[in-house]
Amino acid sequence: MPQHATALTHRTVPAPAGRIHLVEQGTGPLVLLVHGFPETWYSWRRQLPALAAAGYRAVALDVRGYGRSSKPAAADAYRMTELVADNVAVVRALGEESAVIVGHDWGATIAANSALLAPDVFRAVGLLSVPYTPRGGPRPGEIFAGMGGDEEFYVSYFQEPGRAEAEIEPDVRGWLTGFYAALSADTMPGPGAPDPHFVTRGGTLRERFPADRRPGWLSEEELDVYVGEFERTGLTGALNRYRNMDRDWADLEGFDGAPVTQPSLFAGGTEDASTTWLSAAIDAFPVTLPGLVSSHLLDGCGHWLQQERPAELNRILTDWLAALPG
């Protein structure tokens with residue numbers, strides 16, 4: 001392997017957020033990697049060397065509000081249009097005209113909207129775990145408020161300022177461990193167990209997390225990295241993404257039902273609620289992702305795709321990238 005493919009380079013670049021921290025490895029066509037909640041650039045630690053070795057300039061960023069990127073104080077600074085502007089600024093700051101963008105979880109939604117709003121910059125898009133769902137329908141807050149019956153859907157829980165922070169921040173390590181375990185195939189609650197995506201009235205999410213179980217893909221040392229970052233930054237910047245969904249719905253009114261037409265990839269896990277609940281969105285890909293050239297459901301995999309199945313996902317990504325037009 002060339003020497004340039006073995007070294008990780010940390011840097012910050014100017015962006016509308018203020019600064020965006022990123023980690024870069026390799027040379028070649030730019031591939032921008034966007035993480036989800038509650039993670040950082042570090043969730044791509046197993047993809048960066050694989051993409052670099054395959055001849056790409058792999059760049060994993062900290063989304064605004066996370067890690068070493070800027071953390072604007074205003075809640076509405078985390079709306080989708082602002083995050084897309086950050087991604088465009090990163091590409092420009094790296095001296096590139098275009099990039100392939102790949103996202104996981106919230107990062108998948110950010111990646112899809114980056115391709116939708118800046119098609120001249122993002123020539124192809126990869127979506128992991130969360131399928132593309134075009135803007136449309138009722139206001140999201142209304143939909144989430146109607147879910148769960150006597151219980152509360154986690155998105156509504158996260159949307160109330162300060163509420164989730166009060167649960168998480170007194171014990172970041174315990175909460176993150178439980179959250180990662182709740183959505184990982186090897187540690188998630190079994191069939192018939194209370195669903196960890198819902199909160200009892202007056203309760204907490206953590207009540208339904210697996211107790212004293214760490215996923216097999218996450219070592220104590222790796223957990224230390226996540227815990228250290230979130231203990232330092234707090235969770236408000238990360239949670240503010242959920243608090244802008246109604247703003248996004250209003251901002252993107254002109255893109256109602258719009259497809260993402262660039263060459264695209266989707267990969268998800270069969271044990272992930274994001275793919276089972278949104279199966280209709282996957283079925284709609286011929287209309288919503290007409291450029292889809294690669295689609296995969298990884299059997300027995302949970303939500304943390306690039307960490308649960310790194311070797312398999314790396315093959316999927318590099319095969320897809322190699323087949324893209326230059």
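Trainee: How many of the six residues of strand β9 (residues 264-269) are buried?

Mentor: This is a predicted model. A residue is called buried when its relative accessible area is under 20%. In strand β9, six of the six residues are buried, so the strand is largely enclosed by the rest of the structure.

Trainee: Which residues of β9 lie on one side, and which on the other?

Mentor: S264, F266 and G268 are on one side, while L265, A267 and G269 are on the other. Both faces of β9 are covered, as these residues are all buried.

Trainee: Which strands does β9 pair with?

Mentor: Strand pairing is read from bridges, of which at least two are needed. Strand β6 (residues 122-128) runs parallel to β9 and is joined to β9 by four bridges. Within this pairing, V125 has S264 of β9 as its bridge partner. Strand β10 (residues 292-298) also pairs with β9 in the parallel sense, over six bridges. There, S295 in β10 stands opposite F266.

Trainee: Turning to the helices, at what angle do α7 and α8 pack?

Mentor: Angles of 65 to 115 degrees count as roughly perpendicular, and those over 145 as roughly antiparallel. Helix α7 (residues 172-182) packs against helix α8 (residues 220-233) at about 120°, and their axes are 9 Å apart. That angle makes α7 oblique to α8. Their crossing is right-handed.

Trainee: Which residues meet where α7 contacts α8?

Mentor: From α7, the residues are V172, R173, L176, T177 and Y180. They meet E220, L223, D224, Y226, V227, F230 and E231 in α8.

Terms used:
Residues numbered from 1 in each chain as written. Predicted model: local features only at pLDDT ≥ 70, side-chain atom pairs only at ≥ 80, totals over all residues. Heavy atoms only, no water. Buried < 20%, exposed > 50% of the residue type's maximum accessible area, 1.4 Å probe, protein only. Helix = DSSP H or I, 4+ residues; strand = E, 2+ residues; numbered from the N terminus. Axes fitted to C-alpha atoms, helices over the stretch in contact; angles between N-to-C directions. Parallel < 35°, antiparallel > 145°, perpendicular 65-115°, else oblique. Left-handed = near helix turned anticlockwise from the far one by under 90°. Contact = heavy atoms within 4.5 Å.
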